[in-house]
Structures are given as C-alpha cells and as structure tokens.
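Colleague: I'm new to this one. Can you put it up and walk me through it?

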Amino acid sequence: MHIVLQLIPKKYLIGGTLILLGLSGLLIMSTIVAITGEFEKDSQQSEVTEIEGGGIGVGTANVSPEVMKYQPLLEKYAQKHGLDASYVPIMMALMMQESGGRGNDPMQSSESFCGSVGCISSPELSVDKGVLHFKSVLEKAHYDLKLCLQSYNFGGGFINYVMKKGGKYTPELAISFSQLQYQKVKHTGIYHCVRPEMVPYQACYGDAKYVDAVLKYYTGTITADGKPAAPSSGGSGGKSGVKVIDAGKTLIGKTRYVFGGGRSQSDINAGRFDCSSFVRWAFEQVGVNVGPISGVTTDTLKTQGQAINPKDMKPGDVVFFDTYKIDGHVGIYVGNNQFLGCQGKTGVAIASMAKGTYFGERFNGRVKRF
C-alpha cells in the first residue's frame, strides 16, 4: 500500500483528500439542517380530520403511576375495538381496583379470555382482552355503567338477573345476587367474604361493593341511568368557550415558550409558559380548574373533560397534536381551523390547523370539552 501511494502524484493525493473532506462536510451539514428543520417545524403555525364516534363521557381517573402508564394502551385498544375514549378513565379506575397496574395481567382478563386464571402473561394482551370484555359487558348492560362494572366482577349472569328485576343496577340487587350465588357454591369451601360487612348478609360471592370500590378512583358524574354525564351547557364550548379564548388572547405578544415553564407564579409573572401550562392558566381565568399548577401536562389534560367528535367541536374546546410524542402539544380551538396555544418561536399565538400546515398534519382527533 505504501508503494502504491508513492506512485500517485502528490497533487492528486491532496485533491482527493480535499474532495473527501468536502463530501463529509456536506453530509454533516445536511444532517444538521434536517434535524434543525424538524425542531423549527414545531414552532410553525400549524382542515380537520373527521373521526367517527366521540363525546358521551366526562371524568378523571385518580390512580397510581403504575396504572397511568397503561393509559396509551387503553386508548389504543379502545380505538381498535370501537369503544369511545371517554370510557378510558373508568377502565383506569377498574384496573386500579383489579391490580393497581401491577403484574402481567393488570386488567385481570384471563378468565374472560380463556376461562381460567393465569392464561395471560402479557400486559398488552391483558389490556387488549380487558377492553374488549369491558365493551362487551357494557353493551349487554345497555350502557348502564354501574351494571357493567358490577358484572365485570360477578360475571354476565348478573346482567340477566338484573334484567329480570327491573333492568337497572342497584346496590340491593348486587347483594341479593351475591347471596343467591354464594348459597350455590358455599359447600365448596373456597369462597369467603372479601368484605366483613357482607358476612351478616351471607353475600360472599364476588365483591358486592365492587362498583363503589372502582368509583373511588374516578372523579366524574354518573347519571341516574348509569351513563357518564356530559357537561352542562356551561362547558368550555360555546359562549363560555369564547370567554376562555378572550382570556388567553390577553397573553399574545407578552410571553415566550419555555418547556416546563408556567408552573410557578414567578414564571407566570415573567410570561414563561409551555403549551399545557398556558391552557391551564387560560381556563383558570374563567373559573375552571383543570389541575394543579405544578403538575399540569398534556397527559393530565387529556384525561379530563368530555370527548368531542372533531366535526362537532366549538370555540373553547381543547385540541391535541402528535408532535414529539403522542399528544405532545395542546391548544384551545378558536374556530376556522385555528387554535390558540403557546408555540416554540411565537409564545402564545393563534396558529393554523388547516390541511397541509404543520399542526394540521399532526392534529390527532382528540378534542376535549372542559
């Protein structure tokens, strides 16, 4: 190799080296431009994709971090199985009661899937089959949510029992069914009361207080027929939506985007916000509390309020975008394919959601009404 290099004139060696250095420089510059371009797109102003389904429930899950990590999977399989995403907080509360988010079968869905305990060893399979089972029970219960929850514990026989006795869930029917079933299996010796207060009733089949146990992890309203309640006309869409937009507009031109900003009064006074802290601040100005100042994120905001079909959204509804992650950006819809948010280069500003724009291509169809 040394002999070959000696035979090549020095001017050609120098020229070849310069060409290689030039090509390497161009490659490095191209990579930098590509990466920088992606970051710059995040701050650009960004027709709305219509998604079928939406908007029947309102509520928030108050659960452990172990359960919270399953929220994306619950949303994924709710969409796969055609279940409205408004039921995700309820299913998170159910998972909290079942397992606390621990183990390989966090939804405890083995029995519904294969008829025996322990046949599921994959958390994702547990969520998949758990969501499918929840939807099936919900439909059989005619969307009576409390009946659905109790049947998740008792089994489908409870639905048939209730349908013969008025067709609606009551705590008394849960106790009487547990009593009846316990008398059938008492001789086996393998059943015992999970709640001491049920011993006098001999209601030791399953958990007759399962509905209350799940709902202690859920903040929301359930109507008399057992369905999640939609917000009253005072929700964020409509007239009160205009109020939150007006409040948010007062910060246009007075803020700068700081990731993690807006979570202290000093940040707010200095005009430092990120997208989720700005949305929280705007709603606070019109008397709507969407979470503590120190803990608000896009992930906490998306668990609140009523899910709205994008084709039905109104000014004041909250819209989400998949940017650096799923639901990585959030803003307040103002109408005409525009939203008010805190963006990278502009701070608080109105940006476009029209087709072909940055945010228009990243709008994921999640719309919530607070």
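Colleague: Let's start with C342. Buried or exposed?
Modeller: C342 counts as buried, at 0% relative accessibility. Keep in mind that this is a predicted model.

Colleague: And which cysteine sulfur is closest to the sulfur of C275?
Modeller: That of C342, 7.7 Å away, which is too far for a bond. The cut-off for a disulfide is 2.5 Å between the sulfurs. C275 is buried as well, with a relative accessible area of 5%. C342 is in no disulfide.

Colleague: How many disulfides does the structure hold?
Modeller: Two. Counting bonded cysteines along the chain, the pattern is 1-2, 3-4.

Colleague: Take C114. What does the disulfide join it to?
Modeller: To C119, with 1.7 Å from S to S. The torsion about that S-S bond is about -105 degrees, so this disulfide is left-handed.

Colleague: What about C193 and C204, how far apart are their sulfur atoms?
Modeller: They are 1.8 Å apart, and the two cysteines form a disulfide. Both C193 and C204 lie in the loop between α10 (171–185) and α11 (210–215), so the pair ties together parts that are eleven residues apart in sequence.

Colleague: Left-handed or right-handed, that link of C193 and C204?
Modeller: Left-handed, with -70 degrees about the S-S bond.

Colleague: And are these two buried or exposed?
Modeller: C193 counts as buried at 17% relative accessibility. C204 counts as buried at 5%.

Colleague: Now Y143. What is its phi?
Modeller: Phi of Y143 is near 65 degrees, again positive in a residue other than glycine.

Colleague: Where does Y143 lie?
Modeller: In the loop between α7 and α8. Y143 counts as partly exposed, with 34% relative accessibility.

Colleague: On to the helices. Which residues of α4 are buried?
Modeller: Helix α4 covers residues 71–80, and its buried residues are Q71, L74, E75, Y77 and A78.

Colleague: What comes just after α4?
Modeller: G82, which takes a positive phi of about 75 degrees.

Colleague: You mentioned α5. At what angle do the axes of α5 and α8 cross?
Modeller: Roughly 30 degrees, and the axes come within 12 Å. Angles under 35 degrees count as roughly parallel. α5 and α8 are therefore roughly parallel to each other. Their crossing is right-handed.

Colleague: Which residues make the contact?
Modeller: I90, L94 and E98 from α5, and L145, L149 and Y152 from α8.

Colleague: How many of those are nonpolar, polar or charged?
Modeller: In the contact of α5 with α8, five are nonpolar, none is polar and one is charged.

Notes. Residues numbered from 1 in each chain as written. Predicted model: local features only at pLDDT ≥ 70, side-chain atom pairs only at ≥ 80, totals over all residues. Heavy atoms only, no water. Helix = DSSP H or I, 4+ residues; strand = E, 2+ residues; numbered from the N terminus. Buried < 20%, exposed > 50% of the residue type's maximum accessible area, 1.4 Å probe, protein only. Axes fitted to C-alpha atoms, helices over the stretch in contact; angles between N-to-C directions. Parallel < 35°, antiparallel > 145°, perpendicular 65-115°, else oblique. Left-handed = near helix turned anticlockwise from the far one by under 90°. Contact = heavy atoms within 4.5 Å. Nonpolar A, V, L, I, M, F, W, Y, C, P; charged D, E, K, R; others polar.
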